[in-house]
Amino acid sequence: GHAVRESCGASFVELLNTARLQTAQSLLEYTNLSVLEVAARSGFGDLSHFHSIFRRAHQQTPLQYRKRRQTGAKV
């Protein structure tokens with residue numbers, strides 16, 4: 001864990017969540033999968049944890065993110 005933080009500037013969990021969120025963002029933008037399915041395919045085993053991490057990163061829920069991105073609205 002220390003080596004990862006020293007070389008990357010973030011913990012393993014932070015890096016993992018960043019990768020999972022990037023996957024989720026793409027799935028929300030380019031598919032019609034349910035938020036539950038997006039969470040599962042992105043590697044989040046718990047929907048409430050996904051919502052929490054996503055909201056912390058984007059200041060909006062996954063569904064709000066999808067609606068704004070699919071309508072082309074400015075965020």
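Let's start with Q59. Q59 is exposed, at a relative accessible area of 63%. That clears the cut-off, since exposed means over 50%. Keep in mind that this is a predicted model. Where does Q59 sit? Its place is the loop between α4 and α5. Q59 has a positive phi, about 55°, although it is not a glycine.

Now one step along, to helix α5. That helix covers residues 62-71, and its buried residues are P62, Y65 and R66. Seen down the axis of α5, these buried residues fall within an arc of 100°, so they line one face of the helix. An α-helix has 3.6 residues a turn, so residues three or four places apart point the same way. What about the other side? The face of α5 turned away from the buried side carries K67 and T71, both exposed. And what covers the buried residues of α5? The cover includes α2 (12-30), α3 (35-41) and α4 (47-58).

Two of those helices also pack on each other. For packed helices, we quote the angle between the axes and the distance between the axes. For α2 and α4, the angle is about 90°, and the axes are 11 Å apart. An angle of 65 to 115 degrees counts as roughly perpendicular, and α2 and α4 are therefore roughly perpendicular to each other. Who makes the contact? From α2, we have N17, L21, A24, Q25 and L28. From α4, we have F50, I53, F54, A57 and H58. By type, the residues of this α2 and α4 contact split into 7 nonpolar, 3 polar and no charged.

Notes: Residues numbered from 1 in each chain as written. Predicted model: local features only at pLDDT ≥ 70, side-chain atom pairs only at ≥ 80, totals over all residues. Heavy atoms only, no water. Buried < 20%, exposed > 50% of the residue type's maximum accessible area, 1.4 Å probe, protein only. Helix = DSSP H or I, 4+ residues; strand = E, 2+ residues; numbered from the N terminus. Arc of directions from axis to C-beta. Contact = heavy atoms within 4.5 Å. Axes fitted to C-alpha atoms, helices over the stretch in contact; angles between N-to-C directions. Parallel < 35°, antiparallel > 145°, perpendicular 65-115°, else oblique. Nonpolar A, V, L, I, M, F, W, Y, C, P; charged D, E, K, R; others polar.
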